[in-house]
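Please open the model in your viewer and keep the selection tool at hand.

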Amino acid sequence: MPRPNRGFLTDEEKANKPKITLKLIRRITSYLAPYWKQIILVLAAIALAAVFGLLPAILTGRIIDEAIGGQNLSLLVNLILIALGVIVLSNLISILENYLNSWIAQHISYDIRNKMFTHIQTMSHRFFTNNRQGDIITRMTSDISGIQSTFANTYSSIIRNVITLTVALIAMFRVNWILALVALAIVPLFSIPTKRVGKTRWMLTRQSQEQNDKINDILNETLSVSGQLLVKLFNNEQREFNRYEKSNARMVQINIRESLAGRWFRAALSIFASTGPMLIYLVGGLLMIRYGSALTIGDIIVMVALLDRMYRPVNALMSIQVDIVRSMALFTRIFEYLDLPTEIKNAEQPLVPDRISGDLAFEHVQFDYDPKKALLRDISFEVKSGHSLAIVGPSGAGKSSIINLIPRLYDVTGGKITLDGTDIREIDLAVLRQSIGMVTQDTYLFNGTIRENLMYANPEATDDDLIEACRKANLHDFILAQPDGYDTVVGNRGLKLSGGEKQRVSIARVILKDPPILIFDEATSSLDSISENLIQEAIDPLIRGRTSIIIAHRLSTIMAADSIMVVRDGRVIEAGRHRDLVNNGGLYNQLYETQFKLALENQA
Ligand code: ADP
C-alpha cells in the first residue's frame with residue numbers, strides 16, 4: 001500500500017506493472033460516457049460503412065455467374081453501377097466516421113488534460129519537490145496524446161472490425177457452409193503469436209515511456225537557463241552530452257525492438273492469411289469436381305473475396321490487442337497521477353471568516369519532511385495582530401520550514417497553528433492563502449512583462465494601483481527608466497532583472513494583494529547595501545499594522561521587530577527582545593557578536 005499522505009510514487013510501486021482489469025476498462029470507458037450521442041452516430045456510420053464495404057464482394061458472384069455467365073449485358077452494367085455506387089457511398093460514410101472519431105477523441109483528451117491539470121494543481125509542494133519535472137510533463141503531454149489516438153483509432157477499429165467480421169461470416173455461411181468452416185479453421189492460428197507479442201510490447205512500451213521521461217528530464221535540467229549556466233561554468237558540456245547520448249541510444253534500441261516485436265508478428269499473420277484462399281480453391285474444387293456440388297465459379301470467387309474481408313478484421317483485431325496493451329500502459333500511467341491523493345485538502349466545511357485580524361500562534365508544532373527524521377519539535381510562539389516577529393538562527397535550523405507551514409504548503413505533523421484562534425486547517429484554504437503575503441529570497445517571476453507579473457497578484461488592479469504599489473516598493477523610478485516601462489519583459493524566470501529588483505517586484509505584488517499577514521524571508525548577502533536599503537524602505541511601512549514574520553539576518557530588521565525568536569535544530573531555544581537576549585549570553589549573543597554586528601559594520 002502506498003503511504004496515503006505522501007504525494008508521490010515509490011520505485012517499488014512503479015515496478016509493479018498493473019494488469020488489464022475490468023475495472024480499468026470500465027474506467028477508461030467512463031470517459032466516453034458524456035459523448036454517447038456522438039458515439040451512437042459513429043456506431044451507425046461504422047456499421048453502414050462495414051456492410052457497404054462487403055456488398056461489392058458479394059455482388060462479384062452475381063456479376064460472374066449471372067451477368068457474364070448468363071451473357072446478360074444490361075444486368076452486367078447495372079450490377080457494376082450498383083457496386084461502384086456502393087463503394088462511393090461507403091467511402092463517404094467513412095469520411096463522416098473519421099470526422100466524428102477525431103471529434104470524440106479530441107474532446108475526451110481535452111477532458112482528461114483538464115482533469116489532470118486541475119488534479120496536479122492540487123498536489124502539494126512536496127509533490128513538486130519530489131517528482132521530476134520531466135515525468136510530470138510527459139504524462140501531461142505525450143501520454144495523453146497516446147491515449148487520444150486510442151480513442152480515435154483503437155475503439156472504432158474494434159467496432160468496425162467486429163461488425164465486418166460478423167457480416168462477412170454470415171455471408172460466407174450463406175454461400176457454402178463447408179467452405180465457411182474451412183475458412184474458419186485457420187483463425188485459431190492467428191492467436192498463437194499474439195500473446196507473446198502482447199507481453200513484450202507491454203514491457204517495451206513501459207520502458208520507452210520511462211526513457212522518454214529521462215530524456216525530458218535531462219533536457220529540462222540542462223537546457224533551462226539556470227541549468228545551462230551551471231553546465232557552462234563547470235565545463236560539463238561533454239558530460240551532459242554523454243548522459244544525453246546514452247539515454248538517446250537506449251531509446252533507439254527500445255524503439256527498434258518495439259517495432260520489430262510487431263513486425264515478426266505481422267509476418268506470421270500474413271503467412272497464415274495466404275494459406276486460406278488456397279484451401280478454398282482446393283476444397284471448393286474437390287466439391288465441384290469430385291462430389292458434383294452445386295457450387296459455381298462465382299461462389300468460389302465470392303468466398304475468396306470474403307475470406308480476405310474476414311481475415312483483415314481478424315488480423316486487425318489481433319494486432320489491436322497489441323495497441324490496446326500499449327494504450328493500457330499509458331492509461332495506467334495517467335491514472336497513477338489522477339489517483340495520487342491530495343495531501344493538503346480544504347476542510348469539508350471550511351470556515352470563511354468575515355475578517356482576518358491576524359493573530360497567529362504555533363502551539364507545540366511538530367513537523368518533518370521524512371518521518372524518519374524529525375525536523376521541527378515543539379515549536380510554540382504567538383504573534384499578535386499587527387505585531388512583528390523576527391526569526392533568527394543558523395542555516396538549516398528550520399526557519400523556512402516554519403514559515404512554509406503558515407500558508408499550508410505543508411501541514412504540521414503534530415500540534416497546530418491557529419489564526420485568530422482557529423486551526424488553520426479549518427479555515428478555507430483560499431481565504432487563508434489570500435490573507436498571507438510572502439516575499440521569499442527565491443522570487444519567481446513569469447516570463448512576461450512587469451505589468452503582467454504584478455497583475456498576477458490582483459487581476460483587477462488599475463494602472464493607478466500598479467503605480468502606487470510600485471512607488472511603495474521603491475520600484476516605480478526603476479520601471480520608468482526602462483525603455484518599455486511597465487511593459488518591460490522580465491525574461492525567463494525574471495532573469496533579466498537583478499536580485500534586488502526582483503524582490504521589489506515581489507514586494508509590489510504583495511502590496512497589491514494587501515494581506516493582513518506578511519511573511520518575509522530577508523536576503524542574506526546577495527544584495528548590495530543600496531538594494532538592501534531600497535528594499536528596507538519598502539518593507540518598513542508595509543510591516544506596520546500587519547502581522548509580520550521575518551526571517552531576519554540584519555541587525556536593523558531584528559531590532560525593529562516586536563519580538564525575536566532564535567531557532568536551532570528545529571527547536572526554539574531563546575525568545576525575547578534584543579537587549580535581554582544579548583544579556584542572556586546564549587546563541588543570540590553569539591550570532592550578534594559574529595554576524596549581525598559585522599553586517600552592520602560592513603554597511604556603515
Ligand atoms: P533554514 O530556513 O533555517 O535554513 P530550512 O527550513 O530551509 O532551514 O531547512 C531545515 C532542514 O530541512 C534542512 O536540513 C533541510 O535540508 C531540510 N529540508 C528543507 N526543505 C526540504 C524538503 N523540501 N524536503 C526535505 N527536506 C527539506
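The model is a predicted one, in which local features need pLDDT of at least 70 and side-chain atom pairs count only at pLDDT 80 or more, whereas totals for chains, interfaces and linings use all residues. Residues are numbered from 1 along each chain as its sequence is written, and side-chain values use heavy atoms, with hydrogens and water left out.

**First stop: the cavity**

Select Leu405, Tyr410, Asp411, Val412, Lys416, Ile417, Asp423, Ile424 and Arg425, which line the second largest cavity. A cavity is a set of points, on a 1 Å grid over the protein atoms alone, where a 1.4 Å probe fits but cannot get out; lining residues have an atom within 4 Å of a point. The volume of this cavity is about 40 Å³, where volume is the space filled by probe spheres set on the points, and grid points are joined across faces, edges and corners. The structure holds 3 cavities of 30 Å³ or more.

**Second stop: the ligand**

Next, select the ligand and the residues around it: Tyr369, Leu375, Pro394, Ser395, Gly396, Ala397, Gly398, Lys399, Ser400, Ser401 and Tyr410. Each has a heavy atom within 4 Å of the molecule. This shell divides into 5 nonpolar, 5 polar and 1 charged.

Now display the polar contacts (pairs of N or O atoms within 3.5 Å). A backbone N or O atom of Gly396 is 2.7 Å from a ligand oxygen atom, and one of Lys399 is 2.8 Å from a ligand oxygen atom. From Ser400, a side-chain N or O atom lies 2.6 Å from an oxygen atom of the ligand. The protein buries 61% of the 560 Å² that the ligand exposes when taken alone, by the Shrake-Rupley method with a 1.4 Å probe.

Select β1 (residues 360-367) and β2, which run antiparallel and are joined by 5 bridges. Strands are DSSP runs (E, at least two residues) numbered from the N terminus, and two of them pair if DSSP finds at least two bridges between them. Val365 has Ile379 in β2 as its bridge partner.

Finally, select Asp569, which takes a positive phi near 50° in the hairpin of β9 and β10.

Methods
On a 1 Å grid over the protein atoms alone, a cavity is a set of points where a 1.4 Å probe fits but cannot get out, and a pocket is an open set with protein on both sides within 12 Å along at least five of seven lines; lining residues have an atom within 4 Å of a point. A polar contact is a pair of N or O atoms within 3.5 Å; within protein, one must be able to donate a hydrogen and the other to accept it, and residues adjacent in sequence count only if both atoms are side-chain atoms. Ala, Val, Leu, Ile, Met, Phe, Trp, Tyr, Cys and Pro count as nonpolar, Asp, Glu, Lys and Arg as charged, and the others, Gly among them, as polar. Helices (H or I, at least four residues) and strands (E, at least two) are DSSP runs, numbered from the N terminus.
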